[in-house]
Amino acid sequence: MENTLYYGDNLEILRNHIADNSVDLIYLDPPFNSKADYNILFKEPTGEPSKAQITAFEDTWHWTIEAERTYQEIIRTAPASVVEMMRAFRQFVGLNDVMAYLTMMCIRLIELKRVLKDTGSIYLHCDPTASHYLKILMDTVFGKKNFRNEIIWHYKTGGVSKRWFGRKHDIIFFYARKGDSDYVFNLHKEKSYMMHKYGFKKSDFQEDDLGQYSMTYLKDVFIIPAIGSADKQRLGYPTQKPESLLERIVKASSKEGDAVLDPFCGCGTSIAVAQGLNRNWIGIDITHLAINLIKWRLKNTFELEPKRDYDVIGEPEDLAGAKELASQDRFQFQWWALSMIDARPYGDKKKGADTGIDGFIYFMDRKNEYKKVIVQVKSGKTQVGDIRDLCHVIDREDAVIGLFVTLENPTQPMIEEAAAKGFYKSNITKKDYPKIQILTIDNIFKGKKPGLPQQFCISPYEKAERVVPKKQNEMFDN
Ligand SMILES: C[S@@+](CC[C@H](N)C(=O)[O-])C[C@H]1O[C@@H](n2cnc3c(N)ncnc32)[C@H](O)[C@@H]1O
C-alpha cells in the first residue's frame, strides 16, 4: 500500500478508497464536541508566534437535516445491535448536539471496523466530554469482548478550577478487532523511578539525571507532557498530540511495514511517527490547512516530497477541480490556493473583518530585515477596481509587493493597471520584481511561481524537530 494523504471528509474517503480488511492499526482523535473553535497559529518571520489566528476547525455539532439523514442511514443499514443502541441514545440524549456528534461518530466507526484487519487494533482518543457515550458506541460496534484498555493520558498543564479537581487527562480506548485472534501487541517497558530502594537488589535499578529507576512494563496510565508553547515539536496546530504518545501506540500495536490509518489526522502526528518507525500510513483530514501542514512536516522532518514519496488525493489537480473546490467552500479554496504559492493564510474571515488581505509571504531583504508581500485570492469575477484596491492595501500595510491570485483570467485594463505600479528592487538579489503580479490558477498549475527572491522567502510554519526513529526493540524512556 502506498503512503497516502487524503484531503476530504473521512466518511466519503473510507467508503471510496479504503478496502475491507486492509489496515493494521487505526488511531483516531476526532473533535470532542467541546464546542470550541481551534485556531491555528502561524509564526512571524522573526520566529515569534503570530497574533493572527485562523480557525482551523470548529468543534460544534448540531442536529441538522444532514444528521437526521445519517441517523436514518444507520437505522436502515447497520447491524441490529448498533441500531438498537442508536435508538436508545436518541431517546435518552434527545435531538441535540451530543446526538449529532454520536451519529457522526457511529457511521464512521462502522466504516473503520470494515477496513480493519482481523489482527488489527483501533485506538479512539477522546476526553471526558463524551468518553462515556463513546465507550458504549465502541462496545456496540467493535464488541465488548474486544475491549482491551482504557488508557489514561495524564499531562500537566497550567490552569485549575477552584470548583473541581484539575482536569488533566484524556482517554484512549483500545480495542482489538478480534480479541481472540493473534492480534499484534508488543508490550514495552518504561523507566519507573524509585521512591525508595527497599526490596530491590542493586542490579534492579539504574540511574539517570532524574534519579534511580528500574524498567517496568507499561501500564494503562501514560504520563507524558502535553505540547507546550515552547515545545520543539510544536507546529501551531491546535490539538497537536505529542509524538511520544503516538510512539507508544504505534510500537505496541503494529510491526514494521504494517498500515496505520488516522482518519482525523490534524497536523499528522501519527503519520510522522508511523513514517519514522517504518510503518505505512494513510492520513485523512477535512481542512486544507492540516493537509498543507503535514506536507510541510514530512518535508521538513524526513525530506519527503508529495507525489514522489507519497500520494496526495483530493486536492484540485486542474482548473476544473479548483473551480469545484471554490464552489464548495471558498475558504478551503483560498487556503489551498495560498498553499500553492507557499503563502501563509491571514485573518479569520469566517469571523467577519475583511482587511483585503488573504495571505502573506515574507522574504529577507537584508540581514534581519523582512519585507512583506500581500496576497489576495479571488474565485469570482474580477475587474480593474480589484487591482486598485490591492494597491491601496499594499500602501496601507507597508508591503512591497502584491500578488493577485485569480481563477478567472484578468482583463486587459487589470493587466495595465498592475504594470503601471512598476517594480520593487531587492537589496539582496539586486533584481527587479513587479510590484503587482497577477497569477491565474491555470498558470500556477502550469508551474508559474510568484516573482520573488524565492531563496530568501520565509517558511510560514514553525520548524519541527527532526525525528530520529527509535528502533522497535528500544525501551521507552519518557
Ligand atoms: C483533534 S484534531 C486531530 C489532531 C491530531 N491528532 C494531531 O496530533 O495533530 C481533529 C482533526 O479532525 C479533522 N476533521 C474533523 N472532521 C473531519 C472529517 N469529517 N473528516 C476528516 N477530518 C476531519 C479536523 O480538521 C482536525 O484537524
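User: What makes the shell around the ligand divide into nonpolar, polar and charged residues?

Analyst: In this predicted model, the residues of the shell around the ligand fall into nine nonpolar, six polar and four charged. The division follows residue type, so Phe counts as nonpolar, Asp as charged, and Gly as polar.

User: Which residues are the closest to the ligand, and how many surround it?

Analyst: The ligand is surrounded by 19 residues, and the closest are Asn10, Asp29, Phe264, Gly266 and Thr269. A residue is included if its C-beta atom, placed from the backbone, lies within 6 Å.

User: How do you know that β6 and β7 pair?

Analyst: Two strands pair if at least two bridges are found between them, and seven bridges join β6, residues 147-154, to β7, residues 169-176, so these strands pair, running antiparallel.

User: What makes β11 a partner of β6?

Analyst: Three bridges join β6 to β11, residues 221-223, and at least two are needed, so the two strands pair, here running parallel. In β11, Val221 is the bridge partner of Ile152.

User: Why are β11 and β14 said to stand at the edges?

Analyst: The open sheet has nine strands in the order β11-β6-β7-β5-β2-β12-β13-β1-β14, with mixed pairing. β11 and β14 (311-313) each have a single partner strand, so one side of each is left without a neighbour in the sheet. From one strand to the next, the twist averages 15 degrees.

User: Where does helix α5 lie?

Analyst: Helix α5, residues 131-142, lies across β5 (116-126), β6 and β7, and runs at about 5 degrees to β7.

Notes: Residues numbered from 1 in each chain as written. Predicted model: local features only at pLDDT ≥ 70, side-chain atom pairs only at ≥ 80, totals over all residues. Helix = DSSP H or I, 4+ residues; strand = E, 2+ residues; numbered from the N terminus. Axes fitted to C-alpha atoms, helices over the stretch in contact; angles between N-to-C directions. Contact = placed C-beta atoms within 7 Å.
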